[in-house]
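Subject: Structure handover

Hello,

Here is the structure I promised to pass on. Please open it alongside this note, then read on for what turned up.

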Amino acid sequence: MVALARVIDSRVLVQLRLLGMAGLAFVVVGAFLVLFGKNPLLAYAEIFRGALGTSYGASEVIVRAIPLMLCAVATALPARMGLVNVGPEGQLHAGALAVTWGALTFGALPRPVFLPALVALGLLGGAIGAFVPALLRVKVGVNETISTLLLNYVIVLLVEHMVRGPWKDPMSFNWPYTPEFPDAARLSTYWGTRIHAGLWFALAAILLFYFTLRFTRWGYELRVIGDNPEAAGRAGIPIGRYTLLAMSIGGALAGLAGMAEICAIQGRLRPGISTGFGYTGFLVSWLALHHPLGIVVMAILLGVLSVGGDSIQISLGLPYATVNIITSLIFFIVLGSRFRRRATA
Amino acid sequence: MLGLLYAVVGGGIRAGTPILYATLGEVIAERAGIVNLGVEGAILAGACAGFITTAHTQNPWLGIAAAALAGGAASLVHAFMVVTLRANQIASGLALMFLCLGVTSFVGRPYVAVKINAVPQLAIPGLSDIPVVGGLFFQHDALVYGAYLLAPLIWIVLTFTKWGLALRAVGERPDVAFAAGLSPAAIQYAAVVAGGILAGLAGAHLSLAYARSWVEGMSNGRGFIAVALVIFATWHPLRSVVGALVFGAVFALQLQIQARGVALSPYFLDMTPYLLTLAGLLLWGRTRRYAMPEALKSVFEGVT
């Protein structure tokens, strides 16, 4: 019984109750749809039919959950020490930039060397993208929320510049993308779907996140900073160093998501490699209360909404924005709920 | 060269207008101790509501009213979240941004290529006939004059009136304000909603005067730039004007460089406002801290 009680610890219960409250968002958006003369029940049925009704839909849910999980950990890790990283979108693109540089520069390497090198570049690119705002915070006291938001615009524009300028495929008939990566730079996909090896990166990141926070001194000190920064500072925990590390590791994981998107899904760098994965990943982390298991659940839930969003667009002519409205309302509900404060305050 | 200067100054005043509205709105909210990153969303709400109203009525004045209303209503959500439910200010502001982005792209979709009656130009009689100066400063639309007149007005209200004193007291020490018989919650609600109304006007100027069209996500980070500008401006309405003009000039210069076919990547040009904002934070992030309302310190600096 004691073991059972521990399993159903407060956090898990909180998650379940929040999931129930998320239903409220569907009611509100339902009313909104009725206002615009649309049938909400039809829309919801189509979302779940499109995402879970076919094996293709279900596989696409996993495909989208991969970058969402990585970007969510990118937000969750710094969040556990009280930092708000809204930059996974930019860090994902920074990783993609570094990977593309590698793929276009070392085109002739054998696969067992090439792929790990590209993984390393993805990690590095994303880490740099997050290290900059972390350094600004530590050295100059710049709020990381604002700096990561601003950097998102900068890095995405840099991608636009590169794919339309220096890296443009000469054979592309003016389409904005780089040449296709060599086969040795492509991640494996499985079971005839688009599910790719990035899944292992994402699951490894979640496990690592869980074990580090739970069982290492590093994770313990990180959580102490999050609970009480003043006490942590007085106890001699180097908050600046933790800020740099937590942000950089988080950014590295978002960069890895970028690597997986271009090396598995796209096969080249082009604008729109991410349909807001970074921002949605940020939401996943907050909806999951920055908890590893919750991140898996929420990434799949938002993956369902994302695939379903495409589906209502195609079959009902409803805007994709419908699912974004649902997601942001759930975010509000989580933020406003008492459970959240009891769990993380 | 003179033509360029003329275009940058005149264009800067115009392009600086939405940024000034948003910055002034954020100054009011932050002086009352509430950070609202949702300004980005409130601008979108204003731009979209204003555009749709104008498209249906062909009356830009009704559009402006609708924009103010929409911006205020959007920010009311933030006020409810952070004042009544005591939710995290940063997170609630971001939630508001996501919500507005979603709702406006849903509601605004049928209006993407629609043409509207823009806010008319209003030449100030007499003054607009002055050579050079007249054309630069006195031949704009009403929203432009409104923004630059509001800045001193807000400064006067914040500095010299009972209301302004109460608002600032709440932003510095809510507990002391409460002990003095003020209602911090009511004042913070009023400040956040007033800020949202101004953000709505920022949106109105974007869609009804500046771009004269509706595009999904057209605020493009101007709300976040405004939040940063409030810091450079040391939470001061008059210094906000300087910041807004500088950023307006950057936007105007960007258009001029593109229009003159200078061989510079347009994507680099598009980066400049964000990079400039980051550079400003880098230079002044710490030195301007002295002016930060006391109650904001815990919001901006949860971890030091």
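I start with the contacts of one arginine. A:Arg268 touches A:Asp169, A:Tyr177, A:Thr178, A:Pro179, A:Glu180, A:Phe181, A:Ile262 and A:Ile273, leaving aside residues up to four places away in sequence. A:Arg268 sits in the loop between helix H11 (239–266) and helix H12 (277–287) of chain A. Its relative accessible area is 17%, so A:Arg268 counts as buried. A polar atom of the A:Arg268 side chain lies 3.0 Å from the backbone oxygen of A:Thr178.

Before you go further: this is a predicted model. Chain A has an average pLDDT of 86, and 93% of its residues score at least 70. One stretch of chain A needs care. Over residues 341–345 of chain A, pLDDT stays under 50. The model still has eleven contacts for that stretch beyond four places in sequence. Where pLDDT is low, predicted coordinates should not be read in detail.

Salt bridges next. Across all chains, the structure holds ten. Side chains of opposite charge can pair when their charged atoms come close. Three of these pairs follow.

- A:Glu60 and A:Arg64: the closest N and O atoms are 4.0 Å apart. The two residues are four apart in helix H4 (residues 55–79) of chain A, which means about one helical turn separates them. Both A:Glu60 and A:Arg64 are buried.
- A:Arg164 and A:Glu160: the N to O distance is 2.8 Å. Here too the spacing is four residues, in helix H7 (residues 144–164) of chain A, so about one helical turn lies between them. A:Arg164 is partly exposed, at 37% relative accessible area, whereas A:Glu160 is buried at 17%.
- B:Arg173 and B:Asp175: this salt bridge is in chain B, at 3.5 Å from N to O. B:Arg173 is partly exposed, with a relative accessible area of 45%. B:Asp175 is also partly exposed, at 47%.

The A:Glu60 and A:Arg64 pair belongs to a network. Salt bridges link A:Glu60, A:Arg64, A:Arg194 and A:Asp310.

Now the backbone. Most residues other than glycine have a negative phi. Two residues to look at here are A:Trp191 and A:His290, neither of them a glycine. A:Trp191 has a positive phi of about 55 degrees. A:Trp191 lies in the loop between H7 and helix H8 (198–215) of chain A. With a relative accessible area of 64%, A:Trp191 is exposed. A:His290 has a positive phi of about 60 degrees. The place of A:His290 is the loop between H12 and helix H13 (292–316) of chain A. A:His290 is buried, at 9% relative accessible area.

Last, the surface of chain B. Which residues form the nonpolar patch there? They are B:Leu2, B:Leu5, B:Tyr6, B:Val9, B:Leu127, B:Ile130, B:Val132, B:Val133 and B:Phe137. Together they have about 790 Å² of accessible area. Helix H1 (2–31) and helix H5 (133–137) of chain B each supply at least two residues of the patch. H1(B) gives the most, with four residues. B:Phe137 is in helix H5 of chain B. At 38% relative accessibility, B:Phe137 is partly exposed.

Best wishes

Methods: Residues numbered from 1 in each chain as written. Chains lettered and ligands numbered in written order. Predicted model: local features only at pLDDT ≥ 70, side-chain atom pairs only at ≥ 80, totals over all residues. Heavy atoms only, no water. Buried < 20%, exposed > 50% of the residue type's maximum accessible area, 1.4 Å probe, protein only. Polar contact = N/O pair within 3.5 Å; in protein donor to acceptor, adjacent residues only side chain to side chain. Contact = heavy atoms within 4.5 Å. Patch = residues over 30% accessible without salt bridge, like charges linked within 9 Å, V, L, I, M, F, W, Y side chains within 5 Å. Areas by Shrake-Rupley, 256 points an atom, 1.4 Å probe, with all protein chains shown as cover. Salt bridge = Lys/Arg side-chain N within 4 Å of Asp/Glu carboxyl O. pLDDT = per-residue confidence, 0-100.
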